Amino acid sequence: MAPLDGLRVLDLTMWRPGPYATQLLAQLGADVIKVEPPGGEPMRMFGDHFDVLNRHKRGIALDLKSEDGLKALRGLAKDAEVFVEGFRPGVAERLGVGHETLRELNPRLVYCSISGYGAEGPLKDVPGHDINYRAYAAALPPDAVSPEADELPLADMAAATMAAFAITAACLKARGTGVGDRIDLGMADVLAHWVGTVPAATRRSGAGPVPGYGVYPTKDGRKITLGVVSEERLWAATCRALGIDEHADVPFAERLGRIGELDAAVTAAVAGLTQAEAIERLGEAGAPVAPLVSHAEMLDLDHFRERRIQEEGPVRTTVHPPLPQGAVPRLDEHRGQTWRRLTD
């Protein structure tokens with residue numbers, strides 16, 4: 001029995017943010033019914049993407065512009081605990097599945113809307129995608145370039161994770177009080193809040209914020225990352241592993257005044273090693289080092305494979321573990337089914 005066993009989630013989302021949010025809930029045991037339009041959601045054309053975001057769900061297709069489709073959806077919403085939609089602000093209301101309408105049917109319902117800029121505010125009607133939200137939230141550097149196809153969609157994934165957290169919190173309250181809630185989640189809002197916790201940049205030095213913190217090229221054309229901050233022992237371990245012992249005992253306060261000089265020494269030392277050599281030396285010394293790996297290399301890492309991250313998700317629990325890798329619903333595969341707890 002997983003932590004969210006029995007939680008009923010009605011999922012009307014498409015593309016990435018909503019489906020990942022509901023998959024996080026499904027991985028923890030929630031009963032997720034995915035509702036798609038006739039013909040399926042567009043993400044089905046990208047099978048590799050669709051499959052990894054829709055495991056552990058059941059799927060039905062409903063035409064919400066038809067009387068029968070709307071009636072079927074409202075029937076499911078009446079006994080749901082969670083309703084998640086990712087329409088543009090105002091669309092759910094026009095379809096007859098807005099927050100106020102469904103809360104009249106089910107006062108305990110936790111209704112979560114995920115949109116680019118939220119349901120209210122000057123930007124609420126502006127269309128966009130991940131790169132736009134990052135730009136407005138100052139989550140792109142001034143020298144940003146167009147992303148590659150395999151770049152992590154930060155706003156999408158951040159909003160999905162925040163939605164799963166907010167839904168779980170709201171359900172905890174609803175189960176205790178009998179009163180649901182409306183979650184208005186803007187993807188740009190999440191990044192703007194994150195960025196607001198970081199001091200504003202005053203200059204670009206080309207080095208990291210402190211010596212030994214950054215990305216360093218190796219002589220074989222690859223890169224490593226080092227994560228030294230204030231820790232004296234980590235700085236000393238890094239210097240000794242790289243053969244720059246003369247800098248090993250420089251205290252943190254002094255290092256802050258010599259960033260360019262000391263980081264240049266680290267850069268030059270790493271540049272004389274292959275990635276494998278650098279990882280071995282620094283790792284044996286106890287320095288905070290990690291290789292810059294590709295997507296394929298990440299999937300093949302022993303650490304993530306042993307922890308079964310791709311199969312079981314990122315949340316690790318002991319007493320009530322997440323569910324193992326589940327099936328992806330075929331389009332309209334579960335037509336006619338209702339909530340498991342009502343029929344089992």
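The model is a predicted one, in which local features need pLDDT of at least 70 and side-chain atom pairs count only at pLDDT 80 or more, while totals for chains, interfaces and linings use all residues. Residues are numbered from 1 along each chain as its sequence is written, and side-chain values use heavy atoms, with hydrogens and water left out.

Thr13 counts as buried because its relative accessibility is 2%; buried means under 20% relative accessible area, exposed over 50%, and partly exposed in between (1.4 Å probe, protein chains only). The side chain of Thr13 makes a polar contact of 2.5 Å with that of Asp11, a polar contact being a pair of N or O atoms within 3.5 Å of which, within protein, one must be able to donate a hydrogen and the other to accept it, and residues adjacent in sequence count only if both atoms are side-chain atoms. Apart from neighbours within four places in sequence, Thr13 is in contact (heavy atoms within 4.5 Å) with Gly18, Pro19, Lys34, Glu41, Val84, Glu85 and Gly86.

Val9 belongs to strand β1 and, at 0% relative accessibility, counts as buried. Although Val9 and Val82 are 73 residues apart along the chain, their C-alpha atoms are separated by 4.6 Å. Leaving aside neighbours within four places in sequence, the residues in contact with Val9 include Val82, Val84 and Trp339.

In helix α8, the buried residues include Met187, Ala188, Val190 and Leu191. These residues lie on the same side of α8, because they cover an arc of only 160° around the axis, the arc being that of the directions from the helix axis to the C-beta atoms. Exposed residues His193 and Gly196 are carried on the face of α8 turned away from its buried side, whereas the cover over the buried residues includes α1, β5 (110-115), α6 (130-136), α7 and β6 (181-186).

The axes of α7 (residues 154-177) and α8 (residues 187-196) come within 8 Å and cross at roughly 90°, which means that α7 is roughly perpendicular to α8. Leu154, Ala155, Asp156, Ala158, Ala159 and Met162 of α7 meet Met187, Val190, Leu191 and Trp194 of α8.

How values were computed:
Axes fitted to C-alpha atoms, helices over the stretch in contact; angles between N-to-C directions. Helix = DSSP H or I, 4+ residues; strand = E, 2+ residues; numbered from the N terminus. Parallel < 35°, antiparallel > 145°, perpendicular 65-115°, else oblique.
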